[in-house]
Amino acid sequence: MRWKGRRVSTNVEDRRGGGAKAGGISILGLIVAFVAWKFFGVDPQQAYQATQAVTNSQSSQQASAPQNLTAEQKEVGDFVGTILADTEDTWTPIFQQLGSTYQPPRLVLFNGVVRSGCGTAQAAMGPFYCPADQKVYIDTSFFRDMRQQMGISGEKNQTELSRQDQAGDFAQAYVIAHEVGHHIQNLLGISGQVQQARAQVNQTQGNQLSVRLELQADCFAGIWANKNHQRTQFLEQGDIEEAMDAAKKIGDDYLQRRATGQVVPDSFTHGTSEQRMHWFQVGLKSGDVNQCNTFA
Ligand SMILES: [Zn+2]
């Protein structure tokens, strides 16, 4: 997959810890706190918290990356920012055609734990979209785990991959595009309708609605792949297979079989591997939002 050299989105909030902080304590904050205590008689603890509050509010407004990231971490930030920009450039014209304006989501990169508009989230939960604050949350260690634990990688084809390419990068881009798909559903009012409908049905029927919502996000990810390829020719040989492999390995049946050795269809919330691959393909081949009616 080609991704370098394209626009990087300014809607990334990088909350990954940089090397400037030691155990969450910023050196600058400590100095300010000490000076405040020494000269103004302010409790250092309070002064420190005040400087932290300022630092935090600044960092949430700026799209700049934290200091002292490794080259690899910076590259992950650039990658995520480029894919997010790709989704913006895909959905803006589509919304224009629908007679509306696309409001892009912000994407939060974090390490370990993050506070979101939907509560505190752990990295172990995987990437998610929070409708309350309209942000996509991604712990970048998920990408690493995704490659290692789920065996999603282009290892077999490594020699065929271009120099810029990383194993599994298209599968990672697909995950971002899927989460942005949930944002699209939010903007179009689909998630709100599904939430209302879920309140009136039993657990099994509620799960089926969740599955349809997830499959539609997969279809929207397919639309992104279609439109973005028309625009940038970013797909390379093996990329679609890579996304199909990823879709297969995040199907509920696959995950359940792996975890427990059996499959309980009523508890599915994301759809089977077969369904996920199918709907991604529908979006990819058609590039048409109207084809993504997974509720029909
Ligand atoms: Zn989803």
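How are the donor residues of the zinc ion spaced in sequence? They follow the pattern H-x3-H-x31-E.

## The zinc site

This is a predicted model, in which local features need pLDDT of at least 70 and side-chain atom pairs count only at pLDDT 80 or more, while totals for chains, interfaces and linings use all residues. Residues are numbered from 1 along each chain as its sequence is written, and side-chain values use heavy atoms, with hydrogens and water left out.

The zinc ion is held by His178 (NE2), His182 (NE2) and Glu214 (OE), at 1.9 to 2.1 Å. Donors here are N, O and S atoms within 2.8 Å of the metal (3.2 Å for Na, K and Ca); water is not among the atoms, so sites may look incomplete. Histidine 182 sits in helix H5 (residues 169–187) and glutamate 214 in helix H7 (residues 203–232), so this pair ties together parts that are 32 residues apart in sequence. Helices (H or I, at least four residues) and strands (E, at least two) are DSSP runs, numbered from the N terminus. Both histidine 182 and glutamate 214 are buried; buried means under 20% relative accessible area, exposed over 50%, and partly exposed in between (1.4 Å probe, protein chains only).

## Confidence in the model

The predictor's confidence in each residue is given as pLDDT, from 0 to 100. The chain has a mean pLDDT of 80, and 75% of its residues reach 70 or more.

Two stretches call for some care. Residues 51–63 have pLDDT below 50, and this stretch has 12 contacts in the model beyond near neighbours in sequence. Residues 153–165 are also below 50, with 11 such contacts. A contact means heavy atoms within 4.5 Å. Where pLDDT is low, the predicted coordinates should not be read in detail.

## The nonpolar cores

In soluble globular proteins, nonpolar side chains tend to be buried together. A nonpolar core is a set of buried Ala, Val, Leu, Ile, Met, Phe, Trp, Tyr and Cys residues joined through side-chain atoms within 4.5 Å. The largest one here has 48 residues, and those with the most contacts inside it are Trp91, Phe170, Ile176 and Phe280. Helix H5 gives the most to this core, with nine residues. Apart from it lies another core of seven residues, among them Val108, Phe128, Cys130 and Tyr137.

Leaving aside neighbours within four places in sequence, phenylalanine 170 is in contact with residues including Met1, Trp224, Leu235 and Phe280. Leucine 235 and phenylalanine 170 are 65 residues apart in sequence and 8.4 Å apart in space, C-alpha to C-alpha. Beyond residues up to four places away, leucine 235 touches Arg2, Phe170, Ala225, His229 and Ile240.

## The sheet and its helices

An open sheet of four strands has the order S1-S4-S8-S7, with mixed pairing. Two strands pair if DSSP finds at least two bridges between them. Strand S1 (12–15) and S7 stand at the edges with a single partner strand each, so one side of each is left without a neighbour in the sheet. The twist averages 25 degrees from one strand to the next.

S1 and S4 run parallel and are joined by four bridges, and aspartate 14 stands opposite leucine 109 in S4. Helix H3 packs on the sheet, touching S1 and S4, and its direction makes about 160 degrees with that of S4. H5 packs on the sheet too, touching S4, S7 and S8, at about 25 degrees to the direction of S7. These axes are lines fitted to C-alpha atoms, for helices over the stretch in contact, and angles run from 0 to 180 degrees between N-to-C directions.

S5 and S6 form a hairpin with two residues between them. The two strands run antiparallel, joined by four bridges, and arginine 115 stands opposite threonine 120 in S6. Strand S5 (residues 113–116) has a covered face, Val114 and Ser116, and an uncovered one, Val113 and Arg115.

Most residues other than glycine have a negative phi. Glutamine 134 has a positive phi, near 55 degrees, and is partly exposed at 31% relative accessible area. Phi of glutamine 233 is likewise near 55 degrees; this residue lies in the loop between H7 and H8 and is partly exposed, at 46% relative accessibility.
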